[in-house]
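The stops below proceed from strands to helices.

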Amino acid sequence: MERLVEVLAKRLQLGEVLADRVNQNRNELKSQLQLRDEQFKREIGDCTSRLKEGLDKLHASADALHIQLQEQDVQRLEAEAKAVSDKFEVVDGQCQLFESLLKIQLLKIEEDNLQVVMTHIDPSDPHQVFLFTLRPEDNASYTVFDQDPDLPNFQQLVAELNQTKDIGRFVRKMRKGWEDQVLQQQQ
């Protein structure tokens with residue numbers, strides 16, 4: 001049982017480390033994007049000012065060459081704006097991928113209780129929380145309680161857990177049961 005608690009604690013710590021890294025990466029990427037966005041806005045402001053000055057000169061001199069150069073600057077700025085926008089979309093997609101990979105939280109509550117919290121089960125409400133609490137017992141079995149929402153085959157899944165001792169499989173089957181339940185409710 002102590003080994004299980006150690007393994008669960010290590011997995012919890014790993015999950016927390018991964019979540020911290022994801023948050024750090026997300027924050028760094030957002031910070032970089034904000035800096036790039038601010039720099040881009042300054043460049044657009046500077047370029048807009050230069051374009052206005054150039055347009056005034058063009059109106060005064062009616063020089064076709066200057067008109068062509070200004071149009072090329074606008075095209076370059078539009079291309080740069082699209083490149084920045086595309087990079088933001090990629091970074092946003094990466095952040096969403098990290099979040100989707102971490103659809104489960106393991107929380108140590110009270111003494112030896114481990115609460116498993118899952119989201120992204122109900123497509124119509126991805127933030128809806130599905131959870132249960134797991135407690136290892138002295139006789140190498142598990143007590144599972146506080147499941148929300150209820151699953152009809154819950155007792156069968158707990159009996160299988162206590163027979164196989166495979167917590168990962170139990171968690172996957174709980175998630176699958178809730179996914180199936182949500183699917184049935186939506187039909």
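**From the sheet to its helices**

Begin with β1 (104-109) and β2 (residues 113-118), two antiparallel strands joined by 6 bridges. Within this pair, isoleucine 104 has methionine 118 of β2 as its bridge partner. The model is predicted, with local features requiring pLDDT of at least 70 and side-chain atom pairs pLDDT 80 or more, while totals for chains, interfaces and linings use all residues. Residues are numbered from 1 along each chain as its sequence is written, and side-chain values use heavy atoms, without hydrogens and water.

Next, select the whole sheet: it is open, with 4 strands in the order β1-β2-β3-β4 and antiparallel pairing (strands pair if DSSP finds at least two bridges between them). β1 and β4 (142-148) are the edge strands, each with a single partner, so one side of each lacks a neighbour in the sheet.

Which residues of α3 are buried? They are Phe154, Leu157, Val158, Glu160 and Leu161 (buried means under 20% relative accessible area, exposed over 50%, with a 1.4 Å probe and protein chains only). Their cover includes β3, β4 and α4. On the other side of α3, Gln155, Gln156 and Gln163 are exposed.

Finally, select helix α4 (residues 167-186), which lies across β1, β2, β3 and β4 at about 155° to β3.

Methods
Contact means heavy atoms within 4.5 Å. Axes are lines fitted to C-alpha atoms, for helices over the stretch in contact, and angles run from 0 to 180 degrees between N-to-C directions.
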